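Please open the model in your viewer and keep the selection tool ready. The stops below each say what to select and what is there.

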Amino acid sequence: MTVRLLTNIGRLWTGNEVLSNAAILVHNDRIAWVGRAPDLPQSVPGVVDDIVDVDHVENLGGALVTPGLIDAHTHPVYAGNRYAELAIRTGGSSAASITAAGGGVGSTVTVTRGTDPWTLCNGVRERLRSWLLSGTTTVEAKTGYHLTRDGELADVRLLRELEKEPMMPRVHVTFLAGHVVPPEYFGRQREYVEAVGSWCADAAAAGADSVDVYCDEGHFTTEESRWVLASGRNVGLLPRIHAGLFSRRGAVQLAAELGCASADGLHHMSDEDIAIMSRYGVPAVVCPATALQRGHLPPVRQMIKHGVQIALGSDHNPGFCGITSMSLVIAMAVSAFGMSVNDALRAATLGGATVLGAPDRGVLAPGRLADIVQWDADHEGAFAWSFGLKPRRVWRGGTPVQ
Ligand SMILES: N=CN[C@@H](CCC(=O)O)C(=O)O
């Protein structure tokens, strides 16, 4: 049994409240007590009889402390890079012309399929570690660059296995065989959709938590997306959907119909879509880096005004965005989406926990996981100032990882 006392926390942003001169008592991987240091009890039943007997006491030097950050949208299982393509894209070439010239997601699929599992695993491990070291203790991670049954299932297992290693964040595994149609199925899109639906049970058995589909131009129709998501939901996967990244195609309505755990992207959405998300309680995952690159921003303030739950994602992927720092994503969300620091930080903690169906994290409170970050600052306003605020220390489940 490990009991750890974190003291001299100058500013504690718990997700429920902000406390000055605070302390946290950790029992094994959970939080046992949180509050102002002067209120620390002498004994906590079942944890410690006398607080002076706690072995591990850590003085946090007056710093800001928050829950571990949560990245609610990433694509980390890939090999190679598409830097050259991005240079061409930023020079004015359209996504369609890049895809026609053999670029886009399909080119990463080719490279990933041709990469040996060991090399692929090392790349994914490095990425996951960099999330944790920058203060993100939970990462939603999608498959989607193999697009074969065996390749996609191997990706699910890889993520599940990596999560067990030391120095890894918690991983929410999302099965995204419905990313694009792979070349061997060109002209047979319906067959691919049916195949993906039939792979969902195996994905669930391999350890996937969610199923996702890219419902957009050049990807999958609403009908096809319904088939994939309903197949996943039938075997216990949480459905989530790429919605409105390029165009409005009814993805938000589908998310409401199926009770999706999140609708992600939302660069193109109408007032009616916002009303639907609000009415049916569909949470939004918004990704400022991709939105900025695509030149279309989701109407985040409108969504907040209408009570839509917001989570933030880096949308780390080989095509557009290499970000693994959620503190940078928070700064971008403040600048690009006009979110307050408090709303952005909440979206990167409790918002993420909500869309991932993980009520054990995202807030620092008794009984929750002791996923905690001490930042190199004394106030949360520093997130908006520093564009990539660095942690001083990170604890995952009460264990220091740095
Ligand atoms: N967010 C999902 N997927 C990315 C693309 C991934 C890639 O280009 O490899 C997107 O289209 O935003």
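Select Val-373 and Val-394: Val-373 stands opposite Val-394, which belongs to strand S15. Now widen the selection to strand S14 (residues 372-375) and strand S15 (residues 391-396), which run antiparallel and are joined by four bridges. Strands here are DSSP runs of E with at least two residues, helices are runs of H or I with at least four, and both are numbered from the N terminus. Two strands count as paired if DSSP finds at least two bridges between them.

This is a predicted model, in which local features need pLDDT of at least 70 and side-chain atom pairs count only at pLDDT 80 or more, while totals for chains, interfaces and linings use all residues. Residues are numbered from 1 along each chain as its sequence is written, and side-chain values use heavy atoms, with hydrogens and water left out.

Trp-395 stands opposite Pro-400 in S16. Two residues lie between S15 and S16 in this hairpin, and Gly-397 in the turn has a positive phi of about 55°.

Select residues 241-398. The UniProt record, an unreviewed entry, annotates these residues as "domain: Amidohydrolase-related"; such annotations may be inferred rather than shown by experiment, feature names are shortened, and positions are given in the numbering used here. Over residues 241-398 the chain is 40% helix and 15% strand, with its end C-alpha atoms 33 Å apart.

Go to His-219, in the loop between strand S9 (210-215) and helix H7 (222-234). Is His-219 buried or exposed? His-219 is buried, because its relative accessible area is 13%; buried means under 20%, exposed over 50%, and partly exposed in between, with a 1.4 Å probe and protein chains only. Beyond its neighbours within four places in sequence, His-219 is in contact (heavy atoms within 4.5 Å) with His-179, Val-180, Gln-189, Tyr-214, Glu-224 and Phe-246.

Now look at the cysteines. A disulfide is a pair of cysteine sulfur atoms within 2.5 Å, and by this rule the count is zero. For Cys-200, the nearest cysteine sulfur is that of Cys-260, 12 Å away. Cys-200 is buried, at 0% relative accessibility. For Cys-260, the nearest cysteine sulfur is that of Cys-215, 9.7 Å away. Cys-260 is also buried, with a relative accessible area of 4%.

Last, select helix H3 (residues 105-113), where Val-105, Ser-107, Thr-108, Val-109 and Thr-112 are buried. Helix H1 (83-90) and helix H4 (117-133) are included in what covers the buried residues of H3.
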